[in-house]
Amino acid sequence: MDHKQLKHFPEDFLWGSASAAYQVEGAWQTDGKGASVWDDFVRIPGKTFEGTNGDVAVDHYHRFKEDVALMKEQGLKTYRFSVAWTRIFPEGRGKVNQAGLDFYLALIDELLAAGIEPMVTLYHWDLPKALQEAYGGWESREIIADFNNYATVLFEAFHGKVKYWVSLNEQNIFTSLGYLLAVHPPGVTDPKRMYQVNHIANLANATVINTFHELAIPGKIGPSFAYSPNYPINSDPKNILAAENAEDLMAHYWLDVYLWGEYPKAAFTYLQEQGIAPTIEEGDLDLLRSAKPDFLGINYYQTSTNAFNPLDGVGAGKMNTTGKKGSSEETGTPGMFKKVENPFVERTNWDWEIDPQGLRVALRRITSRYRIPVIITENGLGEYDQLTADKQVHDQYRIDYLAGHVHAIKEAITDGAEVLGYCTWSFTDLLSWLNGYQKRYGFVYVDQDEKQDGTLDRIKKDSFYWYQSLIKENGQNA
């Protein structure tokens, strides 16, 4: 729909930015921190771009005061960051490592002193290695109690300081990339295990949400989901159905559980036919239905366009992790759908579709189906940034990208969506998991690259000042 006039962003709208512990902190063996599964995985030859790792990352652990000062200068209202489980429990459970807890308390206090709301993510993929070795990590129901214990320690330690909590970050990504595509830890290709792991993660998510509410922690909690709305390539009914299949299997399969405590029927029927549906024990569905998130976090980067895929059609294809445009392979689920190029949108050098209007579509769909407030917990552009001789970064392409998405949020709010905040990915440049340091997202350039011997100096990009102005006017001219 077109509107004669767009609504204003709410006065208390949370303009923010985001990061993850492994991607920014570094200090991987400092102050008693234990090893995570990523500390090992990045050392397997060929897994990451030019063998990059997060041992130092951008050294946020030692430079957080400098980074928070830059956040304050920009005017951020919130900063979303994750806690490294192994800083709190080096072995995943047992005795609390007070030095690790103290680091996050110091970061939170620094943010609060700067007038910035801390938004804490409990889990952003860095599972303790000890738990993976002890019982297979997410493959065992033992993790539910260990994750809940870890979360409870943080709820109590940060009580009254943190108002916004993200339970699990991109559960759909860490389960599928870890157990289906084998490009994340533990590097497995087994759909049966993937869907069982995902079910256990659902139970863990529900458990910590219930614990949060039972403890009467002041604030709000919810999971964040990597949502790529699905389109059909055209109006051919077979392609329409393919897009419906994709939306059910790739989106509703998680969102329906988070919000309703139920798996979508068509997707679950497909998994049963394939013999890969998870085992659901007595009481599981009661637990899932009992957990009520206060908001839904949405990590939005792109849309997916779909076409019919026969039973003997394409399966999982190779991802583009090099930044060589056009190097990603066709991917799909035989008998369900395949992803095809959308001729109406541009793509990044990593073959991600640039579709701001898709964010409006996402917010409309979520609002109509689930009636829940949303926080955009991630949105950003990963690209090559060039530092000029006079140490400037002219990233107009990032400004254009973000401006389009902010405008789409404003349109969605006018449509009736309740959006609480917008966190860009990311504040500083960081380690982009498999993509190394060449894929930059931040408002702040960090002198770090694949050699991992940079000065780590922070340099404000043009986009830093653009976002500073946007926040100051509360998105009025978005």
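**Cavities, a pocket and helix pairs**

Guide: In this model the lining of the largest cavity divides into 10 nonpolar, two polar and no charged residues. The model is predicted, and local features need pLDDT of at least 70, side-chain atom pairs count only at pLDDT 80 or more, and totals for chains, interfaces and linings use all residues. Numbering runs from 1 along each chain as its sequence is written, and side-chain values use heavy atoms, with hydrogens and water left out.

Visitor: What makes a residue of that lining nonpolar, polar or charged?

Guide: Ala, Val, Leu, Ile, Met, Phe, Trp, Tyr, Cys and Pro count as nonpolar, Asp, Glu, Lys and Arg as charged, and the others, Gly among them, as polar. The lining consists of V37, W38, Y123, W125, L127, Q132, W138, F174, Y179, H184, P185 and P186. Q132 and H184 are therefore polar under that rule. Helices α2 (37-41) and α8 (171-179) each supply at least two of the lining residues.

Visitor: Why is this space called a cavity, and what is a pocket?

Guide: On a 1 Å grid over the protein atoms alone, a cavity is a set of points where a 1.4 Å probe fits but cannot get out; a pocket is an open set with protein on both sides within 12 Å along at least five of seven lines, and lining residues have an atom within 4 Å of a point. The largest cavity holds about 110 Å³ of space, and the count comes to seven cavities of 30 Å³ or more.

Visitor: What is the volume of the second largest pocket?

Guide: About 260 Å³. Of its 13 lining residues, G46, K47, K318, M319 and T321 are the closest to its centre. The lining has five nonpolar, six polar and two charged residues.

Visitor: Why are α14 and α15 called roughly parallel?

Guide: Helix α14 (residues 396-415) and helix α15 (residues 462-472) pack at an angle of about 25 degrees, with axes 9 Å apart. Angles under 35 degrees count as roughly parallel, over 145 as roughly antiparallel, 65 to 115 as roughly perpendicular and the rest as oblique, so α14 and α15 are roughly parallel to each other. Their contact (heavy atoms within 4.5 Å) is made by R398, I399, L402, A403 and V406 of α14 and D462, S463, W466 and L470 of α15.

Visitor: How do you know the arrangement of α10 and α11?

Guide: Helix α10 (residues 237-260) and helix α11 (residues 265-274) pack at about 110 degrees, with their axes 8 Å apart. That makes α10 roughly perpendicular to α11. D248, L249 and Y253 of α10 meet A266, A267, F268, Y270 and L271 of α11. This contact has seven nonpolar, no polar and one charged residues.

Key. Axes fitted to C-alpha atoms, helices over the stretch in contact; angles between N-to-C directions. Helix = DSSP H or I, 4+ residues; strand = E, 2+ residues; numbered from the N terminus. Points joined across faces, edges and corners; volume = space filled by probe spheres on them.
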